[in-house]
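Trainee: I would like to go through this structure with you. Could we start with the sheet and then move on to the helices and the contact between the chains?

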Amino acid sequence: MSWPSALMSATLPALFLAACDAGPPRGADTGSGADSLSAAETERLAVETYRAAVVTADSIAHEANSESSRYGGTIVVAGRNDVLTLNPLVATDIESVQHQAHVLFTTLVRSGPDFEPLPYLAREWTMDPEGDRITFHLRDDVYWHDGVPVTARDVAFTWERVVDPQVPFFNPAYFDAWEAVEVLDDQTVRFTVRPRSNLLYGWAVTAIIPEHILGDVPPSELADHPFGTVSPVGSGPFRFVERVPGDRWVFEANPDFPEALGGRPYADRLVYRQIPEDAVADAALRTGEIDLIVDANPASAQRLSADSTLVVASFPAAEYALIAWNTRRDPFTDPSVRRALTLAMDRESIVDVVRGPYGSVSSGPVGPWHWTYDSAWEPFPYAPDSARALLDQHGWTDEDGDGVRENRGVPLRFELYFTPRQAWMDVATIVQANLADVGVAVEPMAREQASLVPLVTSPDRRFDAFLVSWARDVPLDDRDLWACDRVDDPMQFTGWCQPELDAVLDSMQFVSNRESLRRLTHRYETLVAEAQPYTFLYNVETVLARRAGLRGVTADARGTWASVTEWWLDPEARR
Amino acid sequence: MVARSGGPTLIRYVGRRALQAIPLLIGIVTLIFLILHLAPGDPTAIWFNPSIPPEVLDRMRVNMGVDQPLHVQYVRWVKAFLSGDFGYSYTHFRPVRDVIGDALPNTLLLGGTSLLVIFGVGCAVGSLQAVRQYGPTDSLLTFVTLFLYSMPGFWLGLMLILVASTSLSWLGLPVFGMTSVDHSLLGPLGKITDVAQHLVLPTIALGLASAAGVARYMRGEMLEVIQQDYIRTARAKGLPERTVILRHALRNALIPVVSLLGLYLPLLFGGALVIEVVFSWPGMGRLMYDGILARDYPLVMAASFLFGALVVVGSLIADLLYAFVDPRIRYE
């Protein structure tokens, strides 16, 4: 999905205005260090924005008649999990975060297709030549849904709270290079910053919260404040109407949302409903009770796509599945054994069974969702013969003829932990069969999450291997997973580390040049691939299943909800 | 000899039962506290993700109070509980009282309609079978009830959803949730109809298997009663068969069946746990299920206390009903 085509499908005059008004992100690219775009990058953006504007203007001429007919109707979206809170300070899961950033609230900036920062609440920003101060100039036409204008004070307040140690904000790393704030006037706010890659990314996913409502709440009480669960007041394209806990959130179009940011959304109402059971969500989609499933089960998606009244689409999700080896324990102390195990796994088959067409074999911690991804790089084929040879070479042979290799009398046998999900059971079954082929015995062990996590994170690391998937984030800050000085911390459960990787991971957080970042990321992937502390299994694609009458749903790794203001219902599809 | 119902004896009896319930409930709650906390687990495990730094999770554990020793947590919980404070749910970011306050009525509604189905359908089918013993109706119903009785509720639920959304879609029965999208825009009558429609499938799924059980039981009781001397006497008096069955046989056969009520209440809440997940019913069962998996201690503790209390109250009601339908029983 490229940016121009996203705009084409939108064909919103409002976005045309936005493109002209906002322009490319001025100031961020003055080459002053942190997070600045290169000159070439800026030029590319400017050209694309211009092209998009031209194409959009062209489409408007064609579709002027139908434009007004898109307004109206109630869009009902179903997800497996409830949105538990819309408090941006407690962003616990992907649906909640997406609702915060794209539906109810506005963010300071928003992400382009390669996660480059684009203007949103901030119409522009400038970096001081020294690179240590960044000044945001805010729009003056965005209002809280209770009528109070959104000002620089709200931005400063949001920052003060997310960095407050009493607030359990889940992603403090977004703002650890942000040191001080100064409100210059209602529309101008200046921060003191240190150099950091993806400096502005945190501002693209963390919604601004209203100081006039939450200003007096003690920081330690903010997480449980009814603002997030009972009476949220936002500033985004949709307003909060009601919540029935465990069942639904209801939003209505905000008619006062600035034209330059997309204006009033097409849908009159937007309803999010929780349907925990996949089969039930499918049935509800067929009967027309819902219009869209945001994270459809890949197995049922293939059945749904056969229905001509439904449309199934997918996009690369920031998630991959893996098997983590406890390199503190034999036989996983030996990298050759780990490499052999990876070579022995038929990961293509695993993808086929578990994800169908909605996934791909993963080779490293970066997937197709990220702009640094290199699809040509695939270091480990499925090669059971090589695996056998490698194990033979390193002293693992089946001496007693029981089908399981031994080394000095110790059999090559291990326990594979996972949470009891269908996908994991399928993976474990295939892995067990694949490894049995090369003389390795696997004992699959299902444990519910709350009891499995302490097993792997506690200091004594009572596990051999475990199967899990990681949700990724744009900054790719994986130091908690690999750093040598964190081997005793909960997330460093493989126990494997390497000084060069430490240096690479550190640099990745501080380079500003995108090309350098790409090279560093590849170095990171190569180092991990050589050592195989993980066996990378597959990259996940998020599957969207919708009624054909719901249009304008364009989604990419930025998330399903990023395009929510452009969703519209065919008049005949409205209920 | 005292009056069968009402009067000071009844009040004394209920009071005594209520007093007996107190140590029982304290036992239930303490046991659940122990089981919950002795099971391995960590309430922050649901946020197991490399992008969330360990310090944040430590902060959350402090906020939750689970960094404290077990006895401190227990004393804290009991103290707060006695002052009517159930604490904050770890996963819902709301007071437990509010979370349960939203869900409990929904579960009671579903439980109530299911009880009606269980006993209404169960007694009717069982009696019919007894009256037509060994006839084709009896055989057919025996097959059907045994089939339903051996079906797991969630499977029955999924099959109902499948049928309702495909070959029976003309019925327009909603397959999930408790209300339609436009519920808030409906008038009072429309709202009731809306909820009633949503109740149909989960009620059938939750009630049918138990109804089949009650039917088997009822059939047996009825067959026994029909062979009693007083039924022969009633027939000999020339009473119409209808009166014999409905007035003389049915009422007597119902007596032991009513005592089943107390047994079915806990089963009902247990079944709701599964059925509510299948039908996206926003009730206590789903709260409990998610709460247990997430180690949301305050929520699970409060919910189990309530379930325990409901079962105790339910069995008391069953005992009272038992005496009401059987004149031989007195509250002494």
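**Strands, cores and chain contact**

Mentor: Thr192(A), in β7(A), is the bridge partner of Arg133(A). Please keep in mind that this is a predicted model.

Trainee: How many bridges join β5 and β7 of chain A, and how do the strands run?

Mentor: Strand β5 (residues 133-138) and strand β7 (residues 188-193) of chain A are joined by 5 bridges and run antiparallel.

Trainee: What is the order of the strands in that open sheet?

Mentor: The order is β4-β5-β7-β6 in chain A, an open sheet of 4 strands with antiparallel pairing. The edges are taken by β4 (122-127) and β6 (178-185) of chain A; each has a single partner strand, so one side of each is left without a neighbour in the sheet. From one strand to the next, the twist averages 20 degrees.

Trainee: Which helix packs on the sheet?

Mentor: Helix α5 (residues 152-162) of chain A does, touching β5, β6 and β7 of chain A. The direction of this helix makes about 165 degrees with that of β6(A).

Trainee: And chain A overall: how many helices and strands?

Mentor: Chain A has 17 helices and 21 strands. Of its 575 residues, 53% count as buried. Among contacts in chain A between residues at least 6 apart in sequence, 70% join residues at least 24 apart.

Trainee: Changing topic, which residues have the most contacts inside the largest nonpolar core?

Mentor: They are Ala284(A), Ile293(A) and Ala545(A), in a core of 173 residues. Another core, of 69 residues, lies apart from it and includes Ile323(A), Ala340(A), Leu343(A) and Tyr417(A).

Trainee: What does Ala284(A) touch?

Mentor: Not counting residues up to four places away in sequence, Ala284(A) touches Ala78(A), Ile275(A), Glu289(A) and Ile290(A), and from chain B it touches Val175(B) and Phe176(B). As general background, nonpolar side chains in soluble globular proteins tend to be buried together.

Trainee: How many residues does each chain bring to the contact between them?

Mentor: Chain B brings 46 residues and chain A brings 49. On the side of chain B that touches chain A, the elements giving two or more residues are α2 (54-64), α4, α6 (153-165), α9 and α10 of chain B. The most comes from α2(B), with 5 residues. By class, that side of chain B divides into 29 nonpolar, 11 polar and 6 charged residues.

Trainee: Staying with α9(B), at what angle does it pack with α11 of chain B?

Mentor: The angle between α9(B) and helix α11 (residues 297-325) of chain B is about 175 degrees, and their axes are 8 Å apart. An angle over 145 degrees counts as roughly antiparallel, so α9(B) is roughly antiparallel to α11(B).

Trainee: Which residues make that contact?

Mentor: From α9(B), they include Leu254(B), Val258(B), Gly262(B) and Phe269(B). From α11(B), they include Phe307(B), Gly314(B), Ala318(B) and Tyr322(B). The contact has 14 nonpolar, 4 polar and no charged residues.

Trainee: Now for backbone details. Where is Ser280(B), and is it buried or exposed?

Mentor: Ser280(B) lies in the loop between α9 (241-278) and α10 (284-294) of chain B. The residue is buried, with 27 other C-beta atoms within 10 Å. Its phi is near 50 degrees, a positive value in a residue other than glycine.

Trainee: And Tyr134(B): buried or exposed?

Mentor: Tyr134(B) is exposed, with 9 other C-beta atoms within 10 Å. This tyrosine is found in the loop between α4 (96-131) and α5 (136-149) of chain B, and its phi is near 65 degrees, also a positive value in a residue other than glycine.

Trainee: Which residues does the cis peptide bond join?

Mentor: The cis bond joins Asp330(A) and Pro331(A), with omega about 0 degrees. Pro331(A) is placed in the loop between β12 (310-325) and α10 (335-344) of chain A.

How values were computed. Residues are numbered from 1 along each chain as its sequence is written. Chains are lettered from A and ligands numbered from 1 in the order in which they are written. This is a predicted model: local features need pLDDT of at least 70, side-chain atom pairs count only at pLDDT 80 or more; totals for chains, interfaces and linings use all residues. A residue is buried if 20 or more other C-beta atoms lie within 10 Å of its own, exposed if 12 or fewer, and partly exposed in between; C-beta atoms are placed from the backbone. A nonpolar core is a set of buried Ala, Val, Leu, Ile, Met, Phe, Trp, Tyr and Cys residues joined through C-beta atoms within 7 Å. Two residues are in contact if their C-beta atoms, placed from the backbone, lie within 7 Å. Ala, Val, Leu, Ile, Met, Phe, Trp, Tyr, Cys and Pro count as nonpolar, Asp, Glu, Lys and Arg as charged, and the others, Gly among them, as polar. Axes are lines fitted to C-alpha atoms, for helices over the stretch in contact, and angles run from 0 to 180 degrees between N-to-C directions. Angles under 35 degrees count as roughly parallel, over 145 as roughly antiparallel, 65 to 115 as roughly perpendicular and the rest as oblique. Two strands pair if DSSP finds at least two bridges between them.
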